[in-house]
Amino acid sequence: MLELRDLSRRYGDTVALDGLTLTAPQGEVVGFVGPNGAGKTTAMRIALGVLEADAGHVSWNGAPATREVQRTFGYMPEERGLYPKMRVDRQLRYFAVLHARPVQAADSAATTWIERLGLAEQAEKRVEELSLGNQQRVQLAAALVHDPEALILDEPFSGLDPIGTDVMSEIPRGARQGGRGRDLLVAPARPGRADLRQGRDRQPRIVAAGRVDELRAERAERRLRVELEGEPEGWLEDVPGAAVIATEPGAVIVELREGADDQQALDAARRAGRVSSFAPVRPTLGELFRELVVER
Ligand SMILES: Nc1ncnc2c1ncn2[C@@H]1O[C@H](COP(=O)(O)OP(=O)(O)OP(=O)(O)O)[C@@H](O)[C@H]1O
Ligand SMILES: [Mg+2]
């Protein structure tokens, strides 16, 4: 389990982190979602021990994380760090050896990850010959090749096509199912948990945290998609706290503010006409982000 407690960090007058606390329980994928400049990379670099916090601490399995432990974490940095002239297979073997794996084990780990990440055809090429997305896959393999217990990925999805994104999403999932139960921090989030953080114009802080499905479901309780034939004007006026916030072809999106009753909204709709659909809407992670971070 990786824990960040009360982390603060400034760069001159810029407050990059202001008391960030967050836990990545064993085998969990924790994602950071936040505007550019929110402090995600800063937090990950502190977790890795490559940057000092001004205050707060990082712990690993209940004890303060030592440099020695932090060096074993797998890391995919935001600014990619591969050797452009080195062959993919040799490079991966080299990274495993750097992490004190015996040469033979390093070789077989490199082969395993080359296959898992769909890089077999690229294995003998120099990194600079690869497309951006394939370089990205090599970078992930480099973070995994020494079989780390904790994995920290900064912007793992940038530059990837949808298949690459799927492959990348499966790695953390696979790690959770496998015996190792890696701890993961990922920015931005796909599977698992998400933290949505506020931007640079105000003090950085966590505005929402929890499982992605729960965060989406919470919002869904207050938002409905209603298909009402003919869409008569003003049908919702008598329902206190309910308002139409968007229209779609053939449907309206209704928000239920404090105390508004969905059954009352349904009654009002039925009085107005034929209701062919009346259902909660779960916002996507992107919509949540806009609501929580941008529109505040
Ligand atoms: N080396 C540095 N020197 C000065 N300021 C820095 C430095 N690194 C980061 N900052 C500032 O700290 C804040 C947080 O930056 P950070 O890179 O952690 O954000 P981020 O959430 O990773 O952003 P992005 O989504 O753009 O990667 C920003 O205001 C940034 O300008
Ligand atoms: Mg960053």
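Start by selecting Lys 40, Thr 42, Ala 43, Met 44, Ile 46, Ala 47 and Leu 48: these residues of helix α1 are buried (20 or more other C-beta atoms within 10 Å of a residue's own, C-beta atoms being placed from the backbone; 12 or fewer is exposed, and in between is partly exposed). Helices (H or I, at least four residues) and strands (E, at least two) are DSSP runs, numbered from the N terminus.

This is a predicted model, in which local features need pLDDT of at least 70 and side-chain atom pairs count only at pLDDT 80 or more, while totals for chains, interfaces and linings use all residues. Residues are numbered from 1 along each chain as its sequence is written, and chains are lettered from A and ligands numbered from 1 in the order in which they are written.

Now show the whole of α1, residues 40–48, where 7 of 9 residues are buried. Step on to Gly 49, which follows α1 and has a positive phi near 85 degrees.

Next, select ligand 1. Its shell has 13 residues, the closest being Tyr 11, Asn 36, Lys 40, Thr 41 and Thr 42 (a residue is near a molecule if its C-beta atom, placed from the backbone, lies within 6 Å of it). Two elements, β2 (14–24) and α1, each give two or more residues to this shell. With 3 residues, α1 gives the most.

Colour the shell around ligand 1 by class to find 3 nonpolar, 7 polar and 3 charged residues. Here Ala, Val, Leu, Ile, Met, Phe, Trp, Tyr, Cys and Pro count as nonpolar, Asp, Glu, Lys and Arg as charged, and the others, Gly among them, as polar.

Move to strand β1 (residues 2–11) and pick Asp 6. Its phi is positive, near 50 degrees, though Asp 6 is not a glycine. Asp 6 counts as partly exposed because it has 13 C-beta neighbours inside 10 Å.

Then go to the loop between α3 and α4 and select Ala 100. Ala 100 is another non-glycine residue with a positive phi, about 70 degrees. It has 10 C-beta neighbours inside 10 Å and therefore counts as exposed.

Finally, zoom out. The protein is divided into domain 1 (2–211) and domain 2 (221–283), with bounds from an automatic or database domain assignment. Their centres, taken over C-alpha atoms, are 43 Å apart. Across the protein there are 9 helices and 14 strands, and 34% of the 296 residues count as buried.
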